[in-house]
Amino acid sequence: METVNEILSKLENADNTTKNELENELVNIGTSALPQLVDELQVVRGIKRGVVAMTLIRIGNASVKYLKKAAENNKDFEWVAEYLIREIEGSVAA
């Protein structure tokens, strides 16, 4: 199985099909990838950022505690974390 960094590096030149496959790979890694994904979300931009955000939403409730912790330590990231938490909790409630 590839590491989170290996998967993210492939996103730079990915078409939509490949992007979806890479997102699925990240989701399949699961909760063990959460600390790194939340760290990456604070620094990556563009396609990578969108894929990391969707991965966190798809992993679901397990992401929330990592997002909250990151928001406490990085006030510039707070709104992103709050948005994703609302998405996660909203998708569970639906």
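Mentor: Thr55 touches Glu23, Leu26, Val27 and Leu37, leaving aside residues up to four places away in sequence. This is a predicted model, and Thr55 is a place to begin reading it.

Trainee: Where does Thr55 lie?

Mentor: Thr55 is part of helix 4.

Trainee: Is Thr55 buried or exposed?

Mentor: A residue counts as buried when its relative accessible area is under 20%. Thr55 has a relative accessibility of 0%, so Thr55 is buried.

Trainee: What does the side chain of Thr55 have as a polar neighbour?

Mentor: Look for nitrogen and oxygen atoms. A polar atom of the Thr55 side chain lies 2.8 Å from the backbone oxygen of Val51.

Trainee: What share of the residues is buried?

Mentor: Buried residues account for 40% of the 94. The accessible surface is about 5,600 Å², and carbon and sulfur atoms make up 48% of that surface.

Trainee: What share of the contacts joins residues at least 24 apart?

Mentor: Take the contacts between residues at least 6 apart in sequence; 62% of these join residues at least 24 apart.

Trainee: Which residues of helix 2 are buried?

Mentor: Leu22, Glu23, Leu26, Val27 and Ile29 are the buried residues of helix 2. They cover an arc of only 155° around the axis, so they sit on the same side of helix 2.

Trainee: Why do residues three or four places apart point the same way?

Mentor: An α-helix has 3.6 residues a turn, so residues at that spacing point the same way.

Trainee: What does the face of helix 2 turned away from the buried side carry?

Mentor: That face of helix 2 carries the exposed residues Thr17 and Asn28.

Trainee: What do the buried residues of helix 2 pack against?

Mentor: They pack against helix 1 (4-10), helix 3 (34-41) and helix 4. Leu26, in helix 2, shows this residue by residue: leaving aside residues up to four places away in sequence, Leu26 touches Val4, Ile7, Leu8, Leu37, Val51, Thr55 and Ile59. Leu26 has 0% relative accessibility and so counts as buried.

Trainee: How far apart are Leu26 and Val51?

Mentor: They are 25 residues apart along the chain, and their C-alpha atoms are separated by 9.0 Å.

Trainee: What is the relative accessible area of Glu23?

Mentor: Glu23 has a relative accessible area of 12%, so Glu23 is buried. With residues up to four places away set aside, Glu23 touches Val51, Met54, Thr55 and Arg58.

Trainee: Is Met54 buried or partly exposed?

Mentor: At 37% relative accessibility, Met54 is partly exposed. Met54 is in helix 4.

Trainee: Which residues of helix 4 are buried?

Mentor: The buried residues of helix 4 are Lys48, Val51, Val52, Ala53, Thr55, Leu56, Ile57 and Ile59.

Trainee: Which residues are buried in helix 3?

Mentor: In helix 3 the buried residues are Leu34, Leu37, Val38, Glu40 and Leu41. Their arc is only 160° around the axis, which puts them on the same side of helix 3.

Trainee: What is found at the start of helix 2?

Mentor: Look for a side chain that reaches a backbone nitrogen. At the start of helix 2, a side-chain oxygen of Asp15 comes to within 3.3 Å of the backbone nitrogen of Thr17.

Trainee: Which residue follows helix 2?

Mentor: Gly30 follows helix 2, with a positive phi near 80°. Just after helix 4, Gly60 takes a positive phi of about 90°.

Definitions and conventions:
Residues are numbered from 1 along each chain as its sequence is written. This is a predicted model: local features need pLDDT of at least 70, side-chain atom pairs count only at pLDDT 80 or more; totals for chains, interfaces and linings use all residues. Side-chain values use heavy atoms; hydrogens and water are left out. Buried means under 20% relative accessible area, exposed over 50%, partly exposed in between (1.4 Å probe, protein chains only). Helices (H or I, at least four residues) and strands (E, at least two) are DSSP runs, numbered from the N terminus. The arc is that of the directions from the helix axis to the C-beta atoms. Contact means heavy atoms within 4.5 Å. A polar contact is a pair of N or O atoms within 3.5 Å; within protein, one must be able to donate a hydrogen and the other to accept it, and residues adjacent in sequence count only if both atoms are side-chain atoms. Accessible areas come from the Shrake-Rupley method with a 1.4 Å probe; for residues, only the protein chains shown count as cover.
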